[in-house]
Amino acid sequence: RLLREGASYAGIPLDCRTGAEANVTFSGDGSHLAVAAGTLVEDAGWVRVYRTSDFTGDATPNPVWTVQGEPGYFFSAVALSSDGRYVIAGDRVRPHGYGHPNVPSRLYLWEWEADREIARPIAHLGSVNDIEVSPNGRWIASGANDGKTKLWDWNETEHTLEEHLTL
């Protein structure tokens, strides 16, 4: 789900600054919320993970994990594995390459509690718009403005992420 500045969950602000866009997702068990955000003109953007049990009262919760993006890109899509252990994000290039079909974008896969990046393959030519993880955790699907959907084979035991097919 895409959120704009001033976004909140259950009335709790999620620190989306002026001009920011955010994409959010829950883990399958509802224990975590991941937020990917950035602006089109400023910093590199970030991904944050929150524990939903921290959403009490009206105070802004502190994220339990944050990663900064690379300059020139921001995170445009995010997903969590069903158990909430892994975060998958896709990026988007800022203007002047914004929406340009020949600018490569990446998927990022982290085991967030260990603060470890596992994979960063080039995923698409153009911005990654959506990411989904299969309920059994084996497959990751990504869609982008290059008009393609890619299916990725995720092997949690070997920590490999390989492109399986393009639709």
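This is a predicted model: local features need pLDDT of at least 70, side-chain atom pairs count only at pLDDT 80 or more; totals for chains, interfaces and linings use all residues.
A salt bridge is a side-chain nitrogen of Lys or Arg within 4 Å of a carboxyl oxygen of Asp or Glu. With that rule in hand, R138 and D153 qualify as a pair, since their closest N and O atoms are 3.2 Å apart.

The mean pLDDT of the protein is 80, and 79% of the residues reach at least 70. Strand β7 (residues 65-68) has the highest confidence, with a mean of 93, while strand β1 (residues 2-4) has the lowest, with a mean of 42. Residues 1-7 have a pLDDT below 50, although the model gives this stretch 23 contacts beyond near neighbours in sequence. Residues 9-13 likewise stay under 50, with 16 contacts beyond four places in sequence.

As for the overall architecture, the protein contains 16 strands and zero helices. Of its 167 residues, 47% are buried. The accessible surface comes to about 8100 Å², and carbon and sulfur atoms account for 48% of that area. Among contacts between residues at least 6 apart in sequence, 37% join residues at least 24 apart.

What lies inside? In soluble globular proteins, nonpolar side chains tend to be buried together. The largest nonpolar core of this model has 16 residues, and the members that touch the most others are I88, L107, L109, I131, I140, W154 and L161. Several strands contribute at least two residues each to this core: β8 (73-80), β9 (86-93), β10 (104-111), β11 (116-119), β13 (128-133) and β15 (149-155). Strand β13 gives the most, with three residues. Beyond its neighbours within four places in sequence, I131 is in contact with A77, V78, A79, I88, A89, G90, L107, I140 and A141. Another core lies apart from this one and has 14 residues, including F75, L80, A89 and W110.

In one of them, the side chains of R120 and E70 meet with N and O at 2.0 Å. R120 lies in the loop between β11 and β12 (122-125) and E70 in the loop between β7 and β8, so this pair ties together parts that are 50 residues apart in sequence. Both R120 and E70 are partly exposed, each with a relative accessibility of 33%.

A further salt bridge joins K150 and E163, with the closest N and O atoms 3.7 Å apart. Because K150 lies in strand β15 and E163 in strand β16 (residues 160-166), the pair ties together parts that are 13 residues apart in sequence. Are these two partners buried or partly exposed? K150 counts as buried because its relative accessible area of 12% is under the 20% cut-off, whereas E163, at 40%, is partly exposed. Finally, R85, E111, R116 and E156 are linked in a network of salt bridges.

Technical notes
Residues are numbered from 1 along each chain as its sequence is written. Side-chain values use heavy atoms; hydrogens and water are left out. A nonpolar core is a set of buried Ala, Val, Leu, Ile, Met, Phe, Trp, Tyr and Cys residues joined through side-chain atoms within 4.5 Å. Buried means under 20% relative accessible area, exposed over 50%, partly exposed in between (1.4 Å probe, protein chains only). Helices (H or I, at least four residues) and strands (E, at least two) are DSSP runs, numbered from the N terminus. Contact means heavy atoms within 4.5 Å. pLDDT is the predictor's confidence in each residue, from 0 to 100. Accessible areas come from the Shrake-Rupley method with a 1.4 Å probe; for residues, only the protein chains shown count as cover.
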